[in-house]
Amino acid sequence: MKFKNLLIIALTLSSNLLFAQKGKQLFPEMPGMVSFTYRSSLSKDAAATLDTLKGLGIKDMEFSSLFGKTAAELRKLLDERGMKCSSFGVSYEQALNKTQEVGENAKTLGAKFVRVAWVPHKGAFTLAKADSTVADFNTIGKKLKDEFGLTFCYHNHGYEFEKHEDGTLMDYIIKKTDPNYVSFELDILWAFFPGGDPAGLLTKYPTRFKLMHMKDLRKGVVGNLSGGTPVTNDVALGTGQLDIPAILKAAKKSAIEHYYIEDESPSYATQVPQTMAYLKSLKK
């Protein structure tokens, strides 16, 4: 009888714990923001735009541009608002040929990461281009790490998912780059669009992805390997095709340090608050 009572108590506690877990938020953090989302308004009035973002509760920024200011001027605007820049995005050419300047600007901004989001290429992305990309990334990453203490990240854009052997050229780049010097930023839309699996990538390479762009693809849109789609196909999280909860659950088990909202749509002013509300609504 005593054993039966203990069993009932144990089952009750287990049930209560399960219920409590289901009631917990899946994504309790405040996400960061990619500056490209607010590119138009940041170009016109950076201070007022940062005020708007602060009003939304955003404190973490990834800048893809200095918007006509010096890194020091932009840092001052952030400091005045209690905001920070954790990642600094630059072009492939800048990262490769102006590494010193990029590193100095990133440090001035207070960033820990430097990110490149596009490899210049014509036509389909090839193995030869992947090889040269790997070599350049290892060079860039080593200099940024050794001289500035920065982590270099590559942001996928869809074209790297060309088939190669038993995987893709994205797999090839991840495996061939030196993990001491090269990490990755997972753009979940640009992993899904070419037929990839964002959650699967995080599970397959749990230590390589440090940053994430959170965005969703309009329902009915068929992807391809071009690396491009109209910006109007960016929709608020939870209203598109991606399985956001599954991706976030995989991300929680990975090395992701910063989650950024990116919404390239002209409807970002209404979609960003919708995205933030959706993230808050998710339960484990």
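Here is a walk through the salt bridges of this predicted model. Local features are reported at pLDDT of at least 70 and side-chain atom pairs at pLDDT 80 or more, whereas totals for chains, interfaces and linings use all residues. Residues are numbered from 1 along each chain as its sequence is written, and side-chain values use heavy atoms, with hydrogens and water left out.

Let's start with the overall count: the whole structure holds 13 salt bridges, each a side-chain nitrogen of Lys or Arg within 4 Å of a carboxyl oxygen of Asp or Glu. In one of them, Lys 252 meets Glu 29 at 2.3 Å, N to O. Because Lys 252 sits in helix H11 (residues 244-252) and Glu 29 in the loop between helix H1 (2-23) and strand E1 (32-34), this pair ties together parts 223 residues apart in sequence. Helices (H or I, at least four residues) and strands (E, at least two) are DSSP runs, numbered from the N terminus. Lys 252 is partly exposed at 35% relative accessibility, and Glu 29 is partly exposed at 34%. Here buried means under 20% relative accessible area, exposed over 50%, and partly exposed in between (1.4 Å probe, protein chains only).

Next, look at Asp 171 and Lys 204, whose closest N and O atoms are 3.2 Å apart. Asp 171 is buried at 9%, while Lys 204 is partly exposed at 47%.

Finally, turn to Lys 215 and Asp 187, which also form a salt bridge. Lys 215 is buried at 2% relative accessibility, and Asp 187 is buried at 0%. Elsewhere, salt bridges with shared partners join Asp 51, Lys 76, Glu 80 and Arg 81 into one network.
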